[in-house]
Amino acid sequence: MSSRDLILGRVRRALADVPRNDTPYEQAVQREYRREHGDRSTARTVDLLAENLADYRALVHRCAAGDLARTVAGLLDAHGSASVVVPAGLDGTWLAETEVTRVPDRAEDTTAALDRVDSVVTGCALAIAETGTLVLDGGPDQGRRRITLVPDHHICVVRVPGQVVASVPQALERLDPARPLTWISGPSATSDIELDRVEGVHGPRTLEVVLVSEE
Amino acid sequence: MSGTFVGMPAFPEAAREAVGNPTLRGNLRHATHTIRAKRAVAVSELDDWAALREAGKQIKDHTLRHLDRYLVQLEESVTAAGGVVHWAADADEANRIVVGLVRATGESEVVKVKSMATQEIGLNEALEAAGIHAYETDLAELIVQLGKDRPSHILVPAIHRNRGEIREIFAREMSEWGRPAPENLTDTPAELAEAARLHLREKFLRAKVGISGANFMVAETGTLMVVESEGNGRMCLTLPETLISVVGIEKTVPTWRDLEVFLQTLPRSSTAERMNPYTSMWTGTTDSGAADGPRTFHLVLVDNGRTDTLADEVGRQALRCIRCSACLNVCPVYERAGGHAYGSVYPGPIGAILSPQLRGTGSEIDASLPYASSLCGACYEVCPVAIDIPEVLVHLRERIAEGGQVTRQGNKAVLKPAKGHAAERAAMRAARWAFGHPGALRTGQRLASRTRRFHPRTLPGPGRAWSATRDLPAVPAEPFRDWWQRTRGGKDVPK
Ligand code: SF4
């Protein structure tokens, strides 16, 4: 007998007490929890995102659409970056005002090469206000998972309010599980040493979020 | 069955040793109290916590009650997404499968993201025996691995080590495994974390094979999910060409939407954060055009005692556990005894009910574990999937003391009563230890009305002989531990 059949057989015998007409999933799980916590205006939801991001030591910046290129250039400058990874589908105007060397996100490049790049600029799939979370789904303006992992400085641009959802339930219903998803809440951190929080172990030590107004 | 820490003394002896170690106790106390206080704040932010907890319980219960169906569906979804599913009835088989998969890649090194399941089956040792080096990449696991030590907490496995000890371990051991610790390494957490970053980065960048567990597997979509903080998980899940995930069958949930419950309750219960810094979700392999992440994905579904646990109608609720570790941090016995005393990768209250079910109660340590509790009920109160740990403890005690039907490796067996034998003696000592340390119990919340229903008409374990001849006193206001304190299970009748 294969182990598959063995295990499934054990499971079935173990569940002999469960009636065949047991309550179906839809009725067995009552979802009396909230879709969103609190009743906020759209502007207040964006503010909450900014607060919760900052609370987790992300550096939060806000700007109008017309100022985005200057903001991004300023952040790369301030960080002293000489090079930046750029996802294939990133809006070219975001980097229009920086002189920093651009490194394209290409499948053939080694991780060691990526390790030598200073910064990465990406968009996101959406952001969750209640938890201060950015979600990347590998879309054209976000690139491969590794580009937001290996470089030490990540600048993530969030269009507000369009890309902001209030809560985790609202986020999941907008995401496609077939895509590889990375949820980011603040920079890499550890509390393994006497529970003292230290930012930056393996992921980027600096996470900067630019909330750009859409109009 | 592997996973037992070989040569472990039974809980009471192990606990007594830990209680006598002031450094350990200090580290533990600091840690559990800090996390406990933070967790309460994080949970209080959500005014629908009770509803989330109930939904989490219902999702897990429903899945467990139809686990055969959901496992088959999971297998189909993972396969359709380009993954390969393997089934392992026990630890040996799981290890054999993983060793075979790694060998097939031709590699002799793997990077690992922290996983309870791989610890449970002793995978690192099995790989080592096959000439494959497995590097733990979670900072705490690295500390444990370099220190040739055992984890002592689900969430913070090196909770028993302070910064001075960690510095010592890094300075002494890192060079044996790869990049040495920097000269003049101090004991500041930032410097220690930086040393780990440099040491491990070498390994991440050259790793061809990654091994992980998973917090959840979605039957509907074939999605696996790992939550973490440091980014080492992302490294292991993203950079290697081959990813092997070793996961207990109970980690299944039916639908994508179900994650909305656990992504709210797990981080807040475990690290007391609104959300952990990183969560990765992947569904099979990404199509080759995108070349994003591992090109080969294997999922090893592990039974190793889970179906036996499932067969116990009272005990099966332990399989709801999402390994948040909240119950450890509130447990007065864990706080004093430390994780090592439980002799298993699952310490604390959940370990006390899970290990003896996964492994059976054949050994003295497993037979003593259901007694490693004051039944104060605090673990149930904090559990985000509402596992009634005290209920299962009492059930297991009764089973050990009075015998009864159990399932072992899929077969029904009858457990003999442990009277006068090792288990009961262990139980006696455990109970005497726990209830002889009122300080260890005072911190627990008093839940008199709740504990009342845990008073069976005849007492299991040490009190059985006494209670067999008379009805238990009605105990409206007296928790079990107080009763024990007063009467020592009938040994010293109160004056
Ligand atoms: S038993 Fe409950 S509280 Fe304890 S680790 Fe499991 S889910 Fe968390």
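**The interface of chain B and chain A**

1. In this predicted model, 96 residues of chain B are in contact (heavy atoms within 4.5 Å) with 77 residues of chain A. The predictor assigns the complex an ipTM of 0.96 and a pTM of 0.88.

2. Local features need pLDDT of at least 70 and side-chain atom pairs count only at pLDDT 80 or more, whereas totals for chains, interfaces and linings use all residues. Residues are numbered from 1 along each chain, chains are lettered from A, and side-chain values use heavy atoms, without hydrogens and water.

3. About 7,500 Å² is buried between the two chains, with carbon and sulfur atoms giving 56%; this is the accessible area (1.4 Å probe) lost on being put together, summed over both parts. In chain B, the residues that lose the most area to chain A are R197(B), R234(B) and R274(B), together 9% of what that side buries.

4. The interface of chain B and chain A holds 16 salt bridges, each a side-chain nitrogen of Lys or Arg within 4 Å of a carboxyl oxygen of Asp or Glu. One salt bridge joins R34(A) to D47(B), at 2.7 Å from N to O.

5. Strand β9 (residues 181-184) of chain A and strand β9 (residues 278-283) of chain B run antiparallel, joined by four bridges. Within this topic, W183(A) stands opposite T279(B).

6. On confidence (pLDDT, from 0 to 100), chain B averages 83, and 81% of its residues score at least 70. Over residues 434-495 of chain B, pLDDT stays under 50.

Note on methods:
pLDDT = per-residue confidence, 0-100. Pairing = 2+ DSSP bridges. Helix = DSSP H or I, 4+ residues; strand = E, 2+ residues; numbered from the N terminus.
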